[in-house]
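Welcome to this guided tour. Open your viewer, switch to a cartoon view, and follow along one selection at a time.

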Amino acid sequence: FNLFAAMVVSIGWLTLPLACHGIFFRLPGRAAPECLTLPDLKRGFGVAGTYEADGEKEGVLVRLLDPNSKVLWTGKETTGKIRAVAELEGRHQLCFDTLVDTEQTVSFNFRIDATGKTEYTDPFVTEDHTKRIEELTQMIEQKSLDVLEQQQYAITRETVHRNTTEATNNRMLWWAVAEVVVLMGLSAVQVTYLKSFFEVKVVV
């Protein structure tokens, strides 16, 4: 590692000893492997992360070594995931070895499970996670459809009630007009009848 990368790693360990660490560095072509010494791990602790090599030509061999230089995990893809569980207590190394003759930029991040668990919990998304998310998505979709149906029902009921009220008001209005016309007619008939009743007829 160059000096800058080493300073970044050191500062990261001092400030966030149990958090995720993200690092990038340049890996020259046909150079010696670049190895990062991880913090002390206890047996059963886990290391997880991702890496990616980017360059004109891409090719990298990634290995996780235990204190006895035993390979716990290896990856040959230009982009991959790191997953391993410490079998021995001590300092482990994460080594990057170039497989091409041109310079590459390697970026990676890793996380150490230092909670004292004897088994490492895989932090990556699994099929169970995606199924659970799919179930939650379907449940949210169903709830949204239920709410939409309730809104549509409320809108329809409000429209029906409004139309019924308007029709009732119209009928009452025409009924009132009809009553006025009938009353006026009856009044005219009564006036005519009374006038003819009191009229003095002259018999010639």
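Two strands pair if DSSP finds at least two bridges between them. Strands themselves are DSSP runs of E with at least two residues, helices are runs of H or I with at least four, and both are numbered from the N terminus. Select Glu-34 and then Phe-96 in β7: the two stand opposite each other.

Before you go on, note that this is a predicted model, in which local features need pLDDT of at least 70 and side-chain atom pairs count only at pLDDT 80 or more, while totals for chains, interfaces and linings use all residues. Residues are numbered from 1 along each chain as its sequence is written, and side-chain values use heavy atoms, with hydrogens and water left out.

**Stop 1: the whole chain**

Colour the protein chain by secondary structure, and you will find 2 helices and 8 strands. Walking along the sequence, the pattern reads α-β-β-β-β-β-β-β-β-α. Now show the surface. The accessible surface of the protein chain comes to about 14,800 Å², and 60% of this belongs to carbon and sulfur atoms. Such areas come from the Shrake-Rupley method with a 1.4 Å probe; for residues, only the protein chains shown count as cover.

How many of the 204 residues count as buried? The share is 25%. Here buried means under 20% relative accessible area, exposed means over 50%, and partly exposed is in between (1.4 Å probe, protein chains only).

**Stop 2: an open sheet**

Next, select β2, β7, β4 and β5. In that order they form an open sheet of 4 strands with antiparallel pairing. β2 and β5 stand at the edges with a single partner strand each, so one side of each has no neighbour in the sheet. On average, neighbouring strands of this sheet are turned by 15 degrees against each other, direction ignored. For such angles, axes are lines fitted to C-alpha atoms (for helices, over the stretch in contact), and angles run from 0 to 180 degrees between N-to-C directions.

Zoom in on β7. The antiparallel strands β2 and β7 are joined by 6 bridges, and 6 bridges also join β4 to β7, again antiparallel. Click on Gln-93 in β7: it is the bridge partner of Thr-37 and also of Leu-65. β7 is mostly covered, with 7 of its 9 residues buried.

**Stop 3: His-92**

Stay in strand β7 and pick His-92. Is His-92 buried or exposed? His-92 is buried, because its relative accessible area is 0%. Its side chain reaches the backbone oxygen of Gly-90 at 3.1 Å. That is a polar contact: a pair of N or O atoms within 3.5 Å, where within protein one must be able to donate a hydrogen and the other to accept it, and residues adjacent in sequence count only if both atoms are side-chain atoms. Show the surroundings too: not counting residues up to four places away in sequence, His-92 touches residues including Leu-36, Leu-64, Pro-67 and Ala-86. Contact means heavy atoms within 4.5 Å.

**Stop 4: the nonpolar core**

A nonpolar core is a set of buried Ala, Val, Leu, Ile, Met, Phe, Trp, Tyr and Cys residues joined through side-chain atoms within 4.5 Å. The largest one here has 23 residues, and those with the most contacts inside it are Tyr-51, Leu-94, Phe-96 and Phe-108. Among the elements that give two or more residues to this core are β1 (21–27), β3 (46–55) and β6 (79–85). The largest share, 4 residues, comes from β8. Now select Leu-94 and look around: beyond residues up to four places away in sequence, Leu-94 touches Val-62, Ile-82 and Phe-108, among others.

**Stop 5**

Thr-98 is buried, with a relative accessible area of 5%. Its side chain makes a polar contact with the side chain of Gln-104 (3.1 Å), and a polar atom of that Thr-98 side chain lies 3.2 Å from the backbone oxygen of Val-100.

Then step to Arg-30, in the loop between β1 and β2. Arg-30 counts as exposed because its relative accessibility is 61%. Arg-30 touches Thr-98, Leu-99, Val-100 and Asp-101, leaving out residues up to four places away in sequence. Draw a distance from Arg-30 to Leu-99: their C-alpha atoms are separated by 6.9 Å, although the two residues are 69 residues apart along the chain.
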